[in-house]
Amino acid sequence: MGRTALAGPDAGELSEIVEGVYAWVQPDGTWWVNNAGAVAGDDGLLVVDTCATATRTRRFLDALAAATAGAPLRWAVNTHQHGDHTYGNSLLPDSTALIGHTAMREALSEDPLLENPPAAWEPVPAWGDVTRRLPSLTLDRELTLHLGGRRVDLRHPGYTAHTPGDVVAWLPEERVLFTGDLLFHGLTPLVLTGSLDGALRSLEWVRSFGPEHVVPGHGPLLTGVELDGVLAAHERYYRFVLQAAEGAVREGRPPLEYALTADLGEFGGWADAERIVMNLHRARADLVGEPLDPARALSDAVRWNGGPMSTIL
């Protein structure tokens, strides 16, 4: 049931979506391999997310410097707490104002994986010379940045979805939306630290922006025309997980046992399919009102996978 990662750190590519708006896309978008981006204004750049490792983050920042003639990194925003989008924060200049949701800042401050990544991945992640850096500015619902004459709205959906602290970056004039991990394009979504119900609700919220260009947290870039199909696939998957969790609770079966016999159907070909176990743990915990055991969810995903999950950092 495992997979082989397809691309290493050198595969990241910076593309200019519209004038002065950039996406950093890292194939193959699976474990710890995220997308990021930047928005240029008259007085500097807003960076949207960093990367999991020092090597990957430096490649991203070097590409930005080459594309923008070394424009200063005035601001940065983390779309959520997870390390693939935040561990590279410490490589930003000290002068960069780092922004995040209040819940995201709290979660990153307590994240144990930076210092002690478990042997759940092969190879065990080595982040390089990064240190924990938290946002110095926080928001609860929304914040608007004015980059010279360019407007960027940072918005939270108002509820837990992928995580409690999800933030999107929306450019209303350019119709560009950076979704963070509210969207995984072409691979299995993860809601272990979030909510299945909230993730479902967030799909219509993402649609409501009416974007023409979408930068998902993982996977290829999207046009507005393609968005409905990707949102529909997410909805089918989330409803599949919820129905499976209800079946597991009804039959008194733990998430791993149920997942081992579940037919993933159209989702079986998505990368990181082992996330079904982690998502079932999340859904079950919410259904029965019990605390989530993240360590057990992770170890069960490894057992479903037949060994450590693949990544390449």
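1. D272 sits in the loop that runs between α6 and α7. Its phi is positive, at about 60°, although D272 is not a glycine. With a relative accessible area of 2%, D272 is buried. The model is predicted, and the backbone values in this note should be read as belonging to that prediction.

2. D49 is another non-glycine residue with a positive phi, here near 75°. D49 belongs to the loop between β4 (44-48) and α1. Its relative accessibility is 3%, so D49 counts as buried.

3. Two cis peptide bonds deserve a check. One joins P27 and D28, with omega at about 0°; D28 is in the loop between β2 (21-25) and β3 (36-41). In the other, the bond runs from E122 to P123 and omega is near -5°. P123 is located in the loop between β7 (121-122) and β8 (137-139).

4. How do α7 and α8 pack? The axes of helix α7 (residues 275-288) and helix α8 (residues 294-305) come within 8 Å and cross at roughly 150°. The angle is over 145 degrees, so α7 is roughly antiparallel to α8. The crossing of this pair is right-handed. On the α7 side the contact is made by I276, V277, M278 and H281, and on the α8 side by R296, A297, L298, D300, A301 and W304. By class, the residues of this contact are 7 nonpolar, 1 polar and 2 charged.

5. For α4 and α5, the axes come within 10 Å and cross at roughly 165°, and therefore α4 is roughly antiparallel to α5. The crossing of α4 and α5 is left-handed. From α4 the contact takes L196, D197, A199, L200, L203, V206 and R207; from α5 it takes L227, D228, L231, H234, E235, Y238, R239, V241 and L242. These residues divide into 10 nonpolar, 1 polar and 5 charged.

6. The largest nonpolar core has 65 residues, of which L183, V206, Y238, V241, I276, W304 and M309 touch the most other members. Elements giving two or more residues to this core are α3 (102-110), β11 (168-171), β12 (176-184), α4 (196-208), α5 (224-251), α6 (255-261), α7 and α8. The largest share, 12 residues, comes from α5. Another core lies apart from this one; it has 22 residues, including V39, L139, L147 and V215. In soluble globular proteins, nonpolar side chains tend to be buried together.

7. V225 lies in helix α5. Which is V225, buried or exposed? At 80% relative accessibility V225 counts as exposed. The C-alpha atoms of V225 and W75 are separated by 30 Å, and the two residues are 150 apart along the chain.

8. R59 is placed in helix α1 (residues 54-67). Its relative accessibility is 27%, so R59 counts as partly exposed. Beyond its neighbours within four places in sequence, R59 is in contact with P9, D10, A11, G12 and W24. R59 and L313 are 254 residues apart in sequence, while their C-alpha atoms are 12 Å apart in space.

Terms used:
Residues numbered from 1 in each chain as written. Predicted model: local features only at pLDDT ≥ 70, side-chain atom pairs only at ≥ 80, totals over all residues. Heavy atoms only, no water. Axes fitted to C-alpha atoms, helices over the stretch in contact; angles between N-to-C directions. Helix = DSSP H or I, 4+ residues; strand = E, 2+ residues; numbered from the N terminus. Parallel < 35°, antiparallel > 145°, perpendicular 65-115°, else oblique. Left-handed = near helix turned anticlockwise from the far one by under 90°. Contact = heavy atoms within 4.5 Å. Nonpolar A, V, L, I, M, F, W, Y, C, P; charged D, E, K, R; others polar. Core = buried A, V, L, I, M, F, W, Y, C linked by side-chain atoms within 4.5 Å. Buried < 20%, exposed > 50% of the residue type's maximum accessible area, 1.4 Å probe, protein only.
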